[in-house]
Amino acid sequence: PLRPVIFIPGILGSILVEQDDPNDEIWGSYFDMLFSNLFGKGFDKLYLDPGEYKLNGDENGIQTLHYSGKNKIVSKSVMERVGLSKLFVVDASDDIGIYRTFLNLLRKDLGYGDQKRGVDDLFFFHYDWRLDNAENAIKLAEDIVEWKERYIDYVEKIYPEYGKPDVKFNIIAHSMGGIIAMYYALKLEGLQDIGKLFLIATPLQGSMVTVKALKDGEDIGFALYVPKHIAMSFPALYQMLPDYDTAFVDESGKEIAKNIYDLESFENWVGFPEKNEKIGSSDQQEFDEFIHKAIKQAKHVRDAISLAKLQTAAEGEKIDVLIIRSDCDETLFRAIVEKNELMIPIKNVNFDGLRSHVSGDGRVPSTDLKDLKRSAYISLIYDCGNGHAYVMEKSITVQNSILRALLPEGHFGQ
């Protein structure tokens, strides 16, 4: 039997629905999202009351930012494709794929999750991508306990001669899904359950694009926009803020010592959302208290998943890690601070060799891997031209590299 696989999508990569009505997709069907944006309340349902968060910690150093408010939205499944068929086409196969092609290759080429043969070796961790990544990692750990038993039952039933397997999972994580996987591995002692870890387009040192999303709201494209006040209520976004030293420069191009994780800097540079009557009773004081908690939790998560800790753990525990990046798109890397105001360049600005944009996938810069040391257990593959969201859907190089490494004799190579 093949080693079981867990797939973890990135931010926006899980379908979110009303808890009481799974057919009511708040995030999933493009038709429903567009209609709501044009004629309804847009993404107001995604808003999380900042006054309902509580920072929790335990004696083992595990810390979470728990939402205790009325959250009537739950994740339903991985968003394999963006559904356009209701609006534009008749054939649903014409919908825009995000993970569909890659996951179909797993199923058809390698036979993962073949229900006709009773195969139970492909597991999907879909999650509410608004919430704290540490809390979602704890949910992943709980699911893995169940999935391990399911896999053992499958192997003992189909391959009785094999005996009870020593179960280790190959985890394939895209974008923010990699943060969840790394927190599970490095902070929740999940290394013992991992055979290979695939990190595709994961912001290992954050992304300046996240600063823009919190400052101005998130322009998703396709006429979809998440307003600032809604984006700022998501703890997960804060955990993808850039934590590299050269993220901010002054108007002359000189690097600034302060970073976005400094509370005063964050409040000056990003600011607070304007009062919005549609979102309830939240005020600036509640947002201020929430931001303090969100930044503190973001620091905790970023420290837990540092590149140095990943490198040490992989080599110490002999865990294969494959990091995959697309690096042919101009990607925002630095922002300019002038008179304590943050300006985010749309196109590249060059200050005596300090560029505002560098090569990357449009969201994650490739420069955050400059300190990565390749080894027998750490491998790196670069792809070109497919961008952040579609690297798993469109890149044959990425697809083949992962599939090859999943085979029993597969390896990453140097």
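This is a predicted model: local features need pLDDT of at least 70, side-chain atom pairs count only at pLDDT 80 or more; totals for chains, interfaces and linings use all residues.
View 1. Skip the neighbours within four places in sequence, and L106 still has V5, G111, Y112, L122, L403 and L406 in contact.

**View 2. An open, parallel sheet of six strands.** Reading across, the order goes β9-β1-β10-β11-β15-β22. At the edges sit β9 (122–124) and β22 (378–383); each has a single partner strand, so one side of each goes without a neighbour in the sheet. From one strand to the next, the twist averages 15 degrees.

**View 3. Helix α2 packed on the sheet.** Residues 100–109 make up this helix, and the strands it touches are β1 (5–8), β9 and β10 (169–174). Compare directions and you get about 155 degrees between α2 and β9.

**View 4. Where β15 meets β22.** The two strands run parallel, with six bridges joining β22 to β15 (residues 320–326). Zoom in on I324 and you'll find I381 of β22 standing opposite.

**View 5. Helix α4, mostly covered.** Ten of the eleven residues in this helix (176–186) are buried. The buried set begins with M176, G177, G178, I179 and I180, and carries on through A181, M182, Y183, Y184 and A185.

Notes: Residues are numbered from 1 along each chain as its sequence is written. Side-chain values use heavy atoms; hydrogens and water are left out. Two strands pair if DSSP finds at least two bridges between them. Helices (H or I, at least four residues) and strands (E, at least two) are DSSP runs, numbered from the N terminus. Axes are lines fitted to C-alpha atoms, for helices over the stretch in contact, and angles run from 0 to 180 degrees between N-to-C directions. Contact means heavy atoms within 4.5 Å. Buried means under 20% relative accessible area, exposed over 50%, partly exposed in between (1.4 Å probe, protein chains only).
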